[in-house]
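Hi everyone, thanks for coming.

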Amino acid sequence: MHKETFGSKLTKWVLIGISVLFVFIMLVLPLITVITEALRSGWETYKEAVSDEYTVKAALLTVEATLAAVIFNTIFGLFAAWTVTKFSFRGKKLLTTLIDVPVTVSPIIAGLIFVLTFGRQSFLYPYLEAADIRVVFAVPGIILATVFVTFPFISRELIPVLEAHGTDEEEAAALMGANGFTIFTKVTFPHIKWAFLYGVVLCAARAMGEFGAVSVLSGHLRGKTNTLPLHVEILFNEFKYVPAFAVSSILVMMAIVILIARSVIEYVGKKNGD
Amino acid sequence: MKKTHKRVIPMFGLSMGVTLTMLSVIVLIPLASLVVFTAQMSLSDIIETITRERVLASFRVSFSTAFIASLINAVMGIVLAWVLVRYDFPGKRILDGMIELPFALPTAVAGIALTSLTSDKGMIGSFFARFGIKIAYTRIGITVALVFIGIPFVVRAVQPVLEKLDPVYEEAAGVMGASRSRIFRQVILPEIAPAAFTGFGLAFGRCLGEYGSVVFIAGNQPFETEITPLIIMSELQEYDYSSATAIALVMLIAAFLILFLVNLIQSRNSKILGR
């Protein structure tokens, strides 16, 4: 490489300075604010807010919706990635485009389409009513919305990795008489292990934090259809700032765990060559 | 692969079936219900709804703030990607990891944190208040929230391109006497511009639909700081599904147009690079 001149050194540190300052103000300061505001009235108030009955219920619903999203999208992601990368068929481009639709749609519109599908004016409504199933303003709606907004998260990570790998190994295994399940577990999955885990982490991150879509479908029934982000909104709008930030701090900690997990998976995955 | 090629790998039917079923339940049927519902509305009703003064004002607020925020992110994204790829310095890995924070932090949390930071009593807000600049509850506040949301898009789009860029060309240009700013403008910028534009488009699309982080900081004054997703939300709360759908259609078309443009540039670019 060429020698560093005084000018290029100056540019380097000015650019690093701008970057660090920008990241500090835009990303680090908000995190610090959440923690300081949460602890403003002391540790006891914090503990009280975090262990509040409604907070715990909201946390449980968030965990439920996140788990549902991860499980559903894992099944979908594995099958979709297998279908798209191991076979050639017509309409593949259309299929991959449709899979990506949920991330391009505004969360509010995601909520809207589920209201239109399952709400009072839907042709499905009488049947749902007869079967005593409530989707809108109920837990199933929240779970559906969460699954929707995270729909492509796992398949999106798997498809490029599988595509780069081609189909030779699977074809060889099939010709030697292995069945589909064996091929998948013994040949395909080892290649996509890290990409899969990465997708799960991203899916979980988005699922636990989803606000807009869930907000449309929840109806904000405290203790029933409130997730943690919605609970934060209610507390904040009621001017209960300390509890709002206390509940937020739970989500901040989860976000930090996710960021660390993400970096570790990326690092280990790169080291293992995939 | 030949069209007549027999499929060797098993389970095509099963995996295709599962994929299509799940796709239908989660994406296709809900989207179809939007189409069905739209088909029942008359065109004049739709036009009447989306040309209401208040709705038009919300389009202006949403598009202008999303555009400015994405522009800021395009510039800062290139700087951040450059710093992360080209320089070594202590704490680089942490800086790299932090970029992803907007994806991991729930938008509502970001929203209330930024609101409290930029309100008149907040750390940043009180500083600017001395110069008579209000951030929270104005369009500047909306832009700040959208900058937060859009940070990762440009950085993550430009980073891989910069990593692959061979420094040979820069060195050649340098040897031939080009100044560093000229090298950047004429050698590096043309290479990373398509990626930066892709990131800009993705960020712009995301910002247009963003709701969670904006509602708290916006103040939601009709005509002034009311974003379009919020109008859709309030129509829904009043059970006016026709109006909500009409306005949502405009946003959907805008989102798909942006995506289409981004894909166009991406495929053109990969053709050039792949040659």
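Before I point at anything, one term: a salt bridge is a side-chain nitrogen of Lys or Arg within 4 Å of a carboxyl oxygen of Asp or Glu. This is a predicted model, where local features need pLDDT of at least 70 and side-chain atom pairs count only at pLDDT 80 or more, while totals for chains, interfaces and linings use all residues. Residues are numbered from 1 along each chain as its sequence is written, chains are lettered from A and ligands numbered from 1 in the order in which they are written, and side-chain values use heavy atoms, leaving out hydrogens and water.

So where is the salt bridge between the chains? B:E100 pairs with A:R262, and their closest N and O atoms are 3.5 Å apart. The count between chain B and chain A is one salt bridge.

Now the rest of that interface. Counting contact as heavy atoms within 4.5 Å, 82 residues of chain B touch 92 residues of chain A. Together the two chains bury about 7600 Å², with 83% of that on carbon and sulfur atoms; buried area here is the accessible area (1.4 Å probe) that two parts lose on being put together, summed over both. On the chain B side, B:I9, B:M22 and B:I26 lose the most area to chain A, together 9% of what that side buries.

Finally, chain B itself. Its C-alpha trace spans about 75 × 65 × 35 Å along its principal axes. Among contacts in chain B with a separation of 6 or more, 74% join residues 24 or more positions apart. Thanks, everyone!
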